[in-house]
Amino acid sequence: MANIISFLVLLILGYVFGQWAERRHFKFIQHRERLLKNILCFNVKTLPSYDTAPDVELVVGNVVISIDYFKRIAAGLNNIFGGRVSSYESLVERARREAILRMKLNAKERGASMIFNVKLETASIYKGNGQQVGSVEVYAYGTALIDNH
Amino acid sequence: MIITNIEALPGKTIVKHLGMVQGNTVRAKHIGRDLMAGFKNIFGGELKGYTELLQEAREESVARMIEQAQAIGANAVINVRFSTSSITAGAAELFAYGTAVVIE
Amino acid sequence: MSYENRDIPEGINVSKIHPIKEFAWLAGGLIILVILAVLVLSVLAEKFASYIPFALEQKVALPIASRFQDDHPLSTDQAYIKDYLQSLAAVLAENQGLPEGMEVSVHYVDDSTVNALATLGGHIVIFKGILQIMPHENALSMVMAHEIAHIKHRDPIVSLGRGLTVYLALLSLVGLSDHGALEQMFSQTGLLTMLSFSREQESAADREAMLTLQRHYGHVEGAAALFEHIEKEEKEDKTPSFFQSHPHPRHRIETIRRYSQSLGDSADKQLTRIPERIQQLIKT
């Protein structure tokens with residue numbers, strides 16, 4: 001009985017706080033995306049033509065985001081029936097946009113306005129109880145073009 | 001919508017780069033498929049169920065990427081990359097990304 | 001060639017389904033699946049349980065029975081009552097045609113609880129409380145034959161099979177960390193309280209008991225006496241716990257009446273009295 005109660009409490013806490021945190025995170029991401037709008041990202045390697053050669057530098061951004069208890073249980077249920085695991089979709093979406101933002105911020109600090117050959121890596125890092133992975137890491141990296149005059 | 005994983009399109013000129021577009025989906029296989037895969041792991045051979053599942057999911061991630069590209073007015077996505085990661089036991093994330101462009 | 005980043009609309013990469021709604025669907029589906037699995041398993045367990053040899057069942061029940069006897073030591077008077085009950089059970093068992101190798105051992109508990117039960121290994125427990133409300137031996141024989149019928153039908157082991165399956169399924173859902181629960185289940189109280197019989201099993205035992213009475217006394221007069229008494233008690237809201245899992249007394253009385261009519265009783269419907277000495281012993 002005690003485990004059932006603690007399970008339900010965790011589930012409700014996970015849902016309430018998880019949803020709240022996710023909404024807040026998305027708002028925060030959107031806000032910063034507007035601020036960093038002038039840093040452009042492309043995953044092509046061909047650089048635009050230039051008169052004076054710009055400096056290049058590797059810029060990176062990474063983030064590890066964990067899933068809440070409710071979504072973890074929901075994903076466990078998805079695993080039984082198959083199909084889309086919607087709870088993880090929003091998780092990786094958040095992580096990816098956050099990582100790109102951090103890369104952009106990195107580029108901005110160097111006075112760059114364009115990043116080329118952007119690549120994204122995803123890794124699940126923490127294997128917790130019963131091989132359930134609770135967190136994903138997204139790593140974004142690219143080459144920033146810095147005007148040197 | 002032209003999808004390619006090279007950076008230039010023969011006979012076409014890229015007039016605008018519109019930035020990166022992404023498509024992702026996380027899919028799990030159902031428990032029946034897990035059991036069948038367990039048997040297959042003994043004898044070896046192709047796991048048809050998983051092949052189909054991953055392919056289907058990858059198509060969806062490309063479809064989502066194209067949806068993004070269309071939403072921002074592109075008519076081609078170049079330099080498309082795929083990445084697959086196992087997010088949790090029994091579920092895989094299929095991710096596709098590329099640069100949305102306007103070609104003429 | 002121009003370079004720009006355009007705003008990508010939100011939500012393309014996230015499935016549009018409310019998390020609670022999805023969760024409810026999945027959890028509901030899972031619960032239905034689990035219930036189905038438990039039902040199928042328990043039906044299988046019931047089917048196979050009756051193939052377990054009676055000797056094995058006895059062996060399993062032996063430690064419980066001996067502990068039970070240690071816990072309830074009998075005085076000479078109580079042993080006398082027990083012997084009486086045992087001899088009555090022996091006669092009834094013979095009339096019921098208990099298969100080869102099956103035997104019934106009766107235990108007597110000096111407690112005012114109105115209860116009688118049959119459990120694993122052919123053990124029958126009769127409480128003083130139920131003896132006190134017996135108007136005559138025919139009524140007692142009805143209860144005794146009913147319990148013997150449970151043993152003949154292998155009901156205790158069948159419901160043990162069913163109970164174990166359900167219990168193990170629940171346990172595996174909650175997690176096997178709770179070892180205490182498993183031990184408690186195998187203890188005496190666990191086994192006794194877990195063995196509840198289904199209505200079908202109870203009705204079948206009633207029918208079998210009436211056949212036995214017919215063979216023993218030549219009629220089934222008085223078989224309904226106990227239930228009539230209980231029905232009267234029930235109106236005063238004093239149902240003994242033993243009868244809660246059983247069919248309603250009214251229902252049982254009607255079944256017995258219908259049955260006795262169909263038998264076409266012999267004219268001589270003499271009721272046998274419970275021996276004087278036993279009556280005196282259980283008075284207090």
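Trainee: Which residue in S2(B) is the bridge partner of Gly83(A)?

Mentor: That's Ala28(B). Keep in mind that we're looking at a predicted model. To read a bridge, find the two strands first, then ask which way they run. Here strand S3 of chain A, residues 83–84, pairs with S2(B) in the antiparallel sense, over 2 bridges.

Trainee: How many residues of chain B are in contact with chain A?

Mentor: In general, the size of an interface is often given as the accessible area lost when the parts come together. Here let's count contacts instead: 30 residues of chain B are in contact with 30 residues of chain A. On chain B's side, strand S2 (14–28), helix H1 (31–43), strand S3 (76–88) and strand S4 (91–103) each supply at least two residues. S2(B) gives the most, with 9 residues.

Trainee: How do the residues on that side of chain B divide into nonpolar, polar and charged?

Mentor: There are 10 nonpolar, 14 polar and 6 charged ones on the side of chain B that touches chain A.

Trainee: Now for the cores. Which residues touch the most other members of the largest nonpolar core?

Mentor: The general idea is that in soluble globular proteins, nonpolar side chains tend to be buried together. In this model the largest nonpolar core has 57 residues, and those touching the most other members are Tyr88(A), Ile115(A), Val21(B), Met65(B), Val77(B) and Ala91(B). Helix H3 of chain A, residues 86–109, brings the largest share of this core, 9 residues. There's also a second, separate core of 43 residues, and Val114(C), Ala205(C), Ala223(C) and Ile230(C) are among them.

Trainee: Can we zoom in on one residue? What does Val77(B) touch?

Mentor: Leaving out residues up to four places away in sequence, Val77(B) touches Ile3(B), Val21(B), Met65(B), Ile66(B), Ala69(B), Gly98(B), Thr99(B) and Ala100(B).

Trainee: And the sheet in chain C: in what order do its strands come?

Mentor: Read a sheet by strand order, then by the sense of pairing. This one is an open sheet of 3 strands, ordered S2-S4-S3, with mixed pairing. Its edge strands are S2 (105–109) and S3 (116–119) of chain C, each pairing on one side only. The twist averages 20° from one strand to the next. S2(C) pairs with S4(C), residues 123–127, in the parallel sense over 5 bridges, and Ser105(C) stands opposite His123(C).

Trainee: Which strands does helix H3 of chain C lie across?

Mentor: Helix H3 of chain C, residues 76–96, lies across S2 and S4 of chain C, at about 145° to S2(C). Helix H5 of chain C, residues 137–152, lies across S3 and S4 of that chain, running at about 20° to S3(C).

Technical notes. Residues numbered from 1 in each chain as written. Chains lettered and ligands numbered in written order. Predicted model: local features only at pLDDT ≥ 70, side-chain atom pairs only at ≥ 80, totals over all residues. Core = buried A, V, L, I, M, F, W, Y, C linked by C-beta atoms within 7 Å. Buried ≥ 20, exposed ≤ 12 C-beta atoms within 10 Å, placed from the backbone. Helix = DSSP H or I, 4+ residues; strand = E, 2+ residues; numbered from the N terminus. Contact = placed C-beta atoms within 7 Å. Nonpolar A, V, L, I, M, F, W, Y, C, P; charged D, E, K, R; others polar. Pairing = 2+ DSSP bridges. Axes fitted to C-alpha atoms, helices over the stretch in contact; angles between N-to-C directions.
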